[in-house]
Amino acid sequence: MENSTKGSNTCLIGLQWGDEGKGKIVDILTESFDIIVRYQGGSNAGHTVIVDNEKFVLHLIPSGILRKNKCCVIGSGVALDPHQLLEEIDELRKKNIEVGNNLRISELAHLVFPYHKKFDELSESEKGDEKIGTTRRGIGPCYTDKMARNGIRVADLYHTEHFKQRLKKVVEEKNKILVRLYDAEALSWKDMYDTYCEYAEQIRPFVCNTVVFMDEALKAKKKILFEGAQGSLLDVDFGTYPFITSSSVTAGGAAVGTGISPKQIHKVLGIMKSYTTRVGSGPFPSELNDTLGEYLRKKGGEYGATTGRPRRCGWFDTVAVKHAIMISGVDSAVLTKLDVLDEQETIKICVGYKFSDKVYDLFPADLAVRTECQPVYKEVPGWQKDTSKLRDAKDIPPQAKNYINTLEKILGIRVEMLSVGPDRGQVVNLI
Ligand code: GDP
Ligand code: IMO
Ligand code: MG
């Protein structure tokens, strides 16, 4: 893996509905890079890294922070919740992880305010059965304000009079909606102003022009790893709309969310789990609503790293992953959580969606097809051996090799690395 990524700026993205194990793989790859950048999403993400039995869950700070002598950047495309960020910094420091000159925050990033979280909560409650199942971190409302040109950015915090006037105006407007539409309590702009002025001072050492910082780094031949959050099927344009997040999760989002030219992204690495999971509502054709689904949830520890919610589980879906590969031009993949399938006698791979006598092998745009279709499966034999201690490709059981090769063939990409357990060391390089 080190050899294949060396010399190229790499964008790492999830190929399913999130939680593919991106954090763990970013932590491993970080060794080959100088700068690790988050470019979209916010604290809706939960990236887990386990090092010598110690667990770290990163929400806003790139997973590269755990390695020494690396620089982490929170790009302009991130929805930044300063409260969450400061908590995360605190937790890392308590665990003796340095956070100082190795963290940069874009002055152009949009801030998440308490009203964003409130609107996230109220809008979900209002939707009832139709709810998206958001993380309630205020992400959708923050990006809505950004696009509606009502957002407040990090840089605004440092022009106190301008910030005060702008926040006052925005909160007054939000209060009208809160009180008149939702019958909720009004929020105090003054309290918010005081709190955010304090946050501003605390985050000041990290704030800079990250576009210039990264441009200079590129000119100095530094290597950048872009850490995608969420998963391609949650992408605002190409995901299972409206059951999606509100940012551009694809590799293209890395250029948009950092100000770096797309020409500077040399490689796109897709992270995919050996089966599928999804948190929240929305179509999931290969979902297992049975004891096997429950088994995968338990064995895989499939509970949200951000919200603790149980994740829905099902078989690997090649129709959805092929779509994800196409929209980001994925070069190769890492297959995670192979160990979770160790006990299966037979493994199913979803290769098509059947709807009204038609079989779709390309991801359909129609929500009704996605929701009501029946999965078409190909079956392969399981290996029924413990893979968690595998470190060498030559020891991979033949049935596991067959499963990987079958996926590679259907998806048209190579699997570079296998992950066989949550710990940093539990990987097998395939090339
Ligand atoms: P992310 O959001 O893509 O970074 O993924 P999450 O951290 O939300 O979820 C992945 C979960 O699987 C975490 O609890 C990881 O510790 C765990 N994990 C990662 N890779 C493996 C693996 O290969 N095997 C097992 N059993 N667990 C893994
Ligand atoms: P990582 O980076 C899994 C899901 C939510 C919900 C939808 C919209 O850890 O893979 P939002 O709060 O973003 O408005 O919620 O998106 N979602 C995730 N699911 N992993 C994530 O991040 C997610 N971030 C958001 O569950 O269905
Ligand atoms: Mg996660």
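User: Before we start, what counts as a donor of a metal here?

Analyst: Donors are N, O and S atoms within 2.8 Å of the metal, with a limit of 3.2 Å for Na, K and Ca. Water is not among the atoms, so a site may look incomplete. Please also keep in mind that this is a predicted model.

User: Understood. Which residues are the protein donors of the magnesium ion, ligand 3?

Analyst: They are D19, through OD, and G46, through O. These donors lie 2.1 to 2.2 Å from the magnesium ion.

User: Where do those two sit in the chain, and what does the pair tie together?

Analyst: D19 belongs to the loop between β1 (10–14) and α2 (22–29), while G46 belongs to the loop between β2 (35–38) and β3 (47–51). The pair therefore ties together parts that are 27 residues apart in sequence.

User: Is D19 buried, partly exposed or exposed?

Analyst: D19 has a relative accessibility of 21%, so it counts as partly exposed. Buried means under 20%.

User: And G46, buried or exposed?

Analyst: G46 counts as buried because its relative accessibility is 13%.

User: What does UniProt list for "binding site"?

Analyst: The UniProt entry, which is unreviewed, lists D19 and G46 under that heading. They are spread over 28 residues of sequence but cluster in space, with a largest C-alpha distance of 7.7 Å. Both D19 and G46 are included in the lining of the largest pocket.

User: What does D19 contact, leaving aside neighbours within four places in sequence?

Analyst: D19 is in contact with G46, K273, T277, V279 and R311.

User: What about the backbone of D19: what is its phi?

Analyst: The phi of D19 is positive, at about 60°, although D19 is not a glycine. D183 also has a positive phi of about 60° without being a glycine.

User: Where is D183, then?

Analyst: D183 is placed in the loop between α6 (160–181) and α7 (189–203). With a relative accessible area of 71%, D183 is exposed.

User: Changing topic: which residues come nearest to ligand 1?

Analyst: Of the 19 residues around ligand 1, the nearest are K22, G23, T48, D339 and S419.

User: How far is a polar side-chain atom of R311 from an oxygen atom of ligand 1?

Analyst: The distance for R311 is 3.0 Å. R311 is also one of the residues in contact with D19.

User: And what about the backbone atoms of V420 and G421?

Analyst: A polar backbone atom of V420 is 3.5 Å from an oxygen atom of ligand 1. For G421, a backbone N or O atom lies 3.0 Å from an oxygen atom of this ligand.

User: Now E294. Where is that residue found?

Analyst: E294 is found in helix α10, which covers residues 291–299. Its relative accessibility is 32%, so E294 counts as partly exposed.

User: Which side chain does the side chain of E294 make a polar contact with?

Analyst: The side chain of E294 makes this contact with the side chain of R297, at 2.4 Å.

User: One last topic: which residues does a cis peptide bond join?

Analyst: A cis peptide bond joins Y241 and P242, with omega at about 5°. P242 lies in the loop between β10 (224–227) and α9 (252–256).

Conventions: Residues are numbered from 1 along each chain as its sequence is written. Chains are lettered from A and ligands numbered from 1 in the order in which they are written. This is a predicted model: local features need pLDDT of at least 70, side-chain atom pairs count only at pLDDT 80 or more; totals for chains, interfaces and linings use all residues. Side-chain values use heavy atoms; hydrogens and water are left out. Helices (H or I, at least four residues) and strands (E, at least two) are DSSP runs, numbered from the N terminus. Buried means under 20% relative accessible area, exposed over 50%, partly exposed in between (1.4 Å probe, protein chains only). UniProt positions are given in the numbering used here, feature names are shortened, and annotations may be inferred rather than shown by experiment. On a 1 Å grid over the protein atoms alone, a cavity is a set of points where a 1.4 Å probe fits but cannot get out, and a pocket is an open set with protein on both sides within 12 Å along at least five of seven lines; lining residues have an atom within 4 Å of a point. Contact means heavy atoms within 4.5 Å. A residue is near a molecule or strand if one of its heavy atoms lies within 4 Å of it. A polar contact is a pair of N or O atoms within 3.5 Å; within protein, one must be able to donate a hydrogen and the other to accept it, and residues adjacent in sequence count only if both atoms are side-chain atoms.
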